Amino acid sequence: MSPTRLYYTSLSNLKSTQGQNTSNHRKAFNRKQKNYTGGYYELIFQLTLVDYLIIVIYFAFVIFIGFLLRKRVKTSKDFFLSGRSNPSWISGLAFISANMGALELMGMCAGAYEYGFIQVQFYWLGAVPAILFLALFMMPLYYGTKVHSVPEYLKLRYNEATRGLNAVIFAGMTLLLSGISMYALALIFNILLGWSIYQSVILSALIIAVYVSFGGLTSSIYNEILQFFLIWFGLLLLPILGLSEVGGWEGLTSRIPESFSHIWANTATATQNPMGVDWLGLVLGLGFVLSFGYWCTDFLVIQRTLSAKDMEAAQKAPLIGGAIKLLLPLIAIIPGLLAIVLVPGLGEGGQSYNLALPLLIKHYFPPALIGIGLTALMAGFMSGMSGNITAFSTVWTDDIYKSYVNPKASDKHLVWMGRISVIVACIISIGTAFIAMSFPSIMDYMQALFSLINAPLFATILLGMFWKRTTPWGGFFGLITGIATGIALFVFVPVSYFGTVMAANIWRAWWTWTTCFLVTLAVSMVTKPKPEEELKGVVYGLIKKGEIQKKLPWYSRPITWALIIIACLIVVNIIFF
Amino acid sequence: MPKKQSKTTFVDLKFFLGLLFIIYGILLAGTGIYYSLNPISGIDSSIDVYWGLLMLAIGTVNYYKSDKPSNWNRAFAVSGIDRIEKRLKGILDEAVEEV
């Protein structure tokens with residue numbers, strides 16, 4: 001099977017097995033489209049010399065920054081936590097940028113093409129509330145305890161067994177996810193530029209290995225911020241040009257199916273909207289479990305906030321990320337809706353919804369801007385990959401190697417081990433990238449992983465942070481039972497039972513979370529809790545206010561920022577109801 | 001100490017961002033002007049010019065607000081140019097002394 005064909009079978013199947021809602025909506029709509037010929041879109045870009053130059057300059061810059069930062073990294077704190085020295089805006093941009101990789105941009109755009117504007121729920125319902133919760137309630141504990149990682153927090157709150165379990169599972173998950181990002185980046189090279197997929201995988205692994213192993217988290221954060229601006233400058237023209245062509249938002253909504261332009265209006269029952277999930281499923285599964293499970297427990301994003309210089313910056317970093325999440329639909333969702341009008345017929349003729357974004361770039365961008373647009377896409381994948389690699393390196397070195405293999409390791413040795421683990425992780429990711437190729441749908445596979453691992457972990461951390469009676473063994477058995485339930489549901493309950501793949505992931509997340517929550521409660525009632533002395537600063541009720549946070553003027557307080565974001569969130573939900 | 005480090009990070013980032021945007025801005029605007037002078041049907045190069053100038057402006061502001069000398073020195077140190085420069089200077093000084 002050729003790599004190109006492989007791409008179509010792997011990514012084009014994205015949710016293709018889902019209910020008839022979407023296809024019925026789309027078929028009826030496509031028949032009405034006068035300019036839709038049912039044709040096959042030619043995708044290979046005809047790049048000019050300047051486009052190649054732009055791509056080469058970007059990669060040269062990324063590697064060069066790694067070299068420059070090499071000498072600044074002296075201690076393990078520098079390597080794994082960027083010296084805990086970053087202001088809030090740097091940590092905040094890195095926080096959001098680490099999440100903007102791994103199919104985020106293309107996947108969200110494809111989702112908007114397939115499901116309509118309801119896809120924005122992944123940002124407005126599925127991210128912003130959880131990010132605000134993280135900033136206001138969880139950061140004082142994560143940052144205040146001075147831990148290096150989420151597994152280390154679990155050790156403080158629960159016990160070594162819970163930490164070990166989470167560390168091993170998280171390390172495995174990050175390797176699988178970085179492999180997926182690597183594969184996706186290689187596909188971009190392969191599909192858009194016609195490069196060999198094998199060489200592309202090795203090239204992307206090599207670049208990540210060089211810049212992360214030299215500069216650690218600092219290098220990763222620097223590049224994530226460059227990537228953030230590149231992504232915005234590379235893609236912001238799409239909604240501007242597209243909306244001006246179709247006659248603004250009014251013009252756009254008049255040219256797409258009615259159910260595609262609302263986010264709540266058609267969620268009374270699952271059959272009314274193309275996503276196939278009702279409002280309760282959205283709120284419980286996406287808005288609560290999946291969202292909070294990812295944003296409040298995933299070390300990949302939390303590591304960026306731990307690099308902040310003080311508690312104030314650590315709390316503001318997610319708030320900055322939350323504000324940006326409110327705006328992200330502009331470059332990730334609106335282009336998907338525009339593509340429905342401008343490149344109709346995707347998803348029917350064997351071409352994936354994932355091609356919506358690259359096809360729009362091809363549709364609008366002249367030479368040089370195509371280079372910027374493609375670089376933005378590549379940057380998106382690179383930031384996701386480097387995020388996973390740095391998170392793996394920290395958890396491996398701090399929570400596995402230092403804890404179980406070599407407890408007496410010196411700080412210098414740990415930095416060395418961090419660098420080695422980055423290189424090893426990149427090599428393993430090449431292997432997991434090839435594993436990813438064998439899965440029918442990458443996006444669903446990723447969501448399934450989150451529903452199995454992050455959802456139960458959120459119950460463990462939530463109870464641990466806010467209920468001092470939660471016991472160490474309650475946390476351990478709750479977590480392991482939650483994960484086991486998720487695996488059992490994944491293996492034994494067919495997707496057809498839930499209706500759609502999306503619904504299956506959302507409801508599976510809900511049940512794994514509930515199982516973990518109930519088992520943790522039950523075991524905690526019959527086992528011995530930790531003494532309160534050991535829980536000071538680790539459980540929310542046992543933090544002395546003012547001990548870790550200086551007094552700030554009202555306009556600078558995290559709560560004020562959070563309230564402004566909530567107000568904006570309510571407004572956009574009303575406007576696009 | 002952390003304050004000093006964060007200031008360094010801040011100016012470093014402005015430097016890198018500024019430099020990258022200046023290069024990209026020049027490339028975009030230059031390409032746009034080239035295609036305006038040598039038009040090809042179906043290519044509207046005016047977007048390249050506008051967007052390139054915007055990137056150039058943002059890049060220039062960031063570059064001038066950054067810590068240029070220290071970053072260039074570091075860049076030279078990494079690339080080895082500073083060692084070549086010192087060596088050349090040494091040879092020149094020796095030559096001057098001999099003369």
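This is a predicted model: local features need pLDDT of at least 70, side-chain atom pairs count only at pLDDT 80 or more; totals for chains, interfaces and linings use all residues.
Residues are numbered from 1 along each chain as its sequence is written, and chains are lettered from A and ligands numbered from 1 in the order in which they are written.

Chain B has 4 helices and 0 strands; these are DSSP runs, with helices being H or I of at least four residues and strands E of at least two, numbered from the N terminus. Its order from the N terminus is α-α-α-α. Among its contacts between residues at least 6 apart in sequence, 70% join residues at least 24 apart; a contact needs C-beta atoms, placed from the backbone, within 7 Å.

Now, how do the chains meet? Chain B brings 25 residues to the contact and chain A brings 26 residues. On chain B's side, α1 (2-37), α2 (46-64) and α3 (68-79) each give two or more residues. Which of them gives the most? That is α1(B), with 15 residues. Chain B's side splits into 17 nonpolar, 5 polar and 3 charged residues. Here Ala, Val, Leu, Ile, Met, Phe, Trp, Tyr, Cys and Pro count as nonpolar, Asp, Glu, Lys and Arg as charged, and the others, Gly among them, as polar.

Over to chain A, and a pair of helices. Helix α8 (residues 128-144) and helix α16 (residues 311-327) of chain A pack at about 165°, their axes 9 Å apart; axes are lines fitted to C-alpha atoms over the stretch in contact, and angles run from 0 to 180 degrees between N-to-C directions. α8(A) is therefore roughly antiparallel to α16(A), a label for angles over 145 degrees. Residues making this contact include A:V128 and A:Y143 from α8(A), and A:M311 and A:L326 from α16(A). The contact divides into 13 nonpolar, 4 polar and 1 charged.

Finally, the largest nonpolar core: it has 211 residues, and A:A356 and A:L360 touch the most other members. Such a core is a set of buried Ala, Val, Leu, Ile, Met, Phe, Trp, Tyr and Cys residues joined through C-beta atoms within 7 Å. Helix α11 (residues 197-235) of chain A gives the most to this core, with 20 residues.

Methods: Two residues are in contact if their C-beta atoms, placed from the backbone, lie within 7 Å. Angles under 35 degrees count as roughly parallel, over 145 as roughly antiparallel, 65 to 115 as roughly perpendicular and the rest as oblique. A residue is buried if 20 or more other C-beta atoms lie within 10 Å of its own, exposed if 12 or fewer, and partly exposed in between; C-beta atoms are placed from the backbone.
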